[in-house]
Amino acid sequence: MEEFQTGEETTFVVDEISTIIKESVEGAIGGNAYQHSRVNQWSSNVVEQCLSQLTKLGKPFKYIVTCIIMQKNGAGLQTASSCFWDNSTDGSCTVRWENKSMYCIVSVFGLAL
Amino acid sequence: MSDVAKDKAARLLKKRGSVSSLSSHEVKAKETIGKTKDSMSTVSYIDEPGQQDDNPRPAVQMENTYQLGPAKRFPVATVNNILKDVLTSYLQEEKYEAELCRQMTKTICEVIKARVKDLMIPRYKIIVLINIGQLNEQNMRIGSRCLWDPTNDTFSSYTFKNTSLFAVANVYAAYFE
């Protein structure tokens with residue numbers, strides 16, 4: 001079961017991306033409890049930090065980063081995504097993060113150029 | 001490490017060159033090592049094969065088209081209407097139930113993707129994202145940022161609400177240069 005990385009690294013590497021996402025989320029909302037007034041800013045921070053780290057990778061990719069922050073209140077949430085792309089070069093990665101008062105779900109979709 | 005095995009299985013599936021993949025985010029109860037007790041994060045990456053080719057397609061060498069921009073632009077208004085139609089028709093009378101909504105998200109996702117593909121916009125890659133949640137006096141913020149070419153790429157979004165649930169549908173379209 002060899003990885004099928006080409007020499008030019010134009011494939012989407014899930015592990016690398018998931019590490020980046022986890023660090024961005026921790027950095028942006030790490031030890032905080034849910035506060036309605038700050039959620040807007042947190043969501044922007046998480047997404048912008050993710051995106052700037054992804055650009056630093058320097059790969060020829062277009063990125064779409066989505067962030068959902070939800071207060072823990074017993075409600076349920078279902079998410080699904082369907083993508084029409086080139087399976088050999090494009091990919092997606094989703095990280096679910098939670099603490100005592102909220103959930104944060106970050107999805108990154110990478111489309112090769 | 002079932003995670004690693006699942007990743008490799010997902011990559012093997014992708015190797016078969018299918019153009020459509022459907023993924024849903026399942027809950028995994030695995031704590032990562034070294035985290036504090038306050039927060040926990042899990043990575044979920046599950047691919048369910050949609051329509052797959054039986055024979056893997058050979059890699060295609062593409063020639064330059066010397067085309068600078070898309071011949072036909074992405075029709076945002078039409079896609080907005082598609083989203084509105086699909087969400088209202090599927091969810092108008094439904095109540096939130098975990099199992100039902102799980103199937104519903106996947107179905108709606110595939111339906112929307114099929115209808116957008118029917119528009120036959122050439123050289124555009126499509127990503128459809130659906131969130132269905134329960135209304136329970138909680139708050140939620142959904143945000144997204146994209147790193148792309150704003151002259152050619154765009155997105156379309158629609159939110160539907162009834163007495164017991166809400167649904168958010170996002171369609172992103174990226175021009176394939």
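Reply: Let us begin with burial: a residue is buried when its relative accessible area is under 20%, exposed when the value is over 50%, and partly exposed in between, using a 1.4 Å probe and protein chains only. This is a predicted model in which local features need pLDDT of at least 70 and side-chain atom pairs count only at pLDDT 80 or more, while totals for chains, interfaces and linings use all residues. Residues are numbered from 1 along each chain as its sequence is written, chains are lettered from A and ligands numbered from 1 in the order in which they are written, and side-chain values use heavy atoms, with hydrogens and water left out.

Me: How many aromatic pairs does a search of the whole structure find?

Reply: A pair of aromatic rings is described by the distance of the centres and the angle of the planes. Rings of Phe, Tyr and Trp (its six-membered ring) pair if their centres lie within 6.5 Å, and planes under 30 degrees apart count as stacked, over 60 as edge-to-face and the rest as tilted. Over all chains the search finds 6 such pairs. One of them joins A:Phe12 and A:Phe61, which are tilted, with 6.1 Å centre to centre and 55° between the planes. A:Phe12 is buried, at a relative accessible area of 10%, and A:Phe61 is buried too, at 6%. Ring pairs also bring in A:Tyr63, so that A:Phe12, A:Phe61 and A:Tyr63 form a cluster.

Me: Is B:Tyr172 buried or exposed?

Reply: B:Tyr172 counts as buried, at 2% relative accessibility. B:Tyr172 forms a tilted pair with B:Phe155, at 6.3 Å centre to centre and 35° between the planes, and B:Phe155 counts as partly exposed at 44%.

Me: Which strand pairs with β3(A)?

Reply: Strands (E, at least two residues) and helices (H or I, at least four) are DSSP runs numbered from the N terminus, and two strands pair if DSSP finds at least two bridges between them. β3(A) pairs with β4 (residues 102-112) of chain A in the antiparallel sense over 8 bridges, and a hairpin of 3 residues joins the two strands. Within this pairing, A:Ser107 is the bridge partner of A:Thr94.

Me: What should I make of the faces of β3(A)?

Reply: In a regular strand the side chains alternate between the two faces of the sheet. In β3(A) both faces are covered, with A:Gly91, A:Cys93, A:Val95 and A:Trp97 buried on one side and A:Ser92, A:Thr94, A:Arg96 and A:Glu98 buried on the other.
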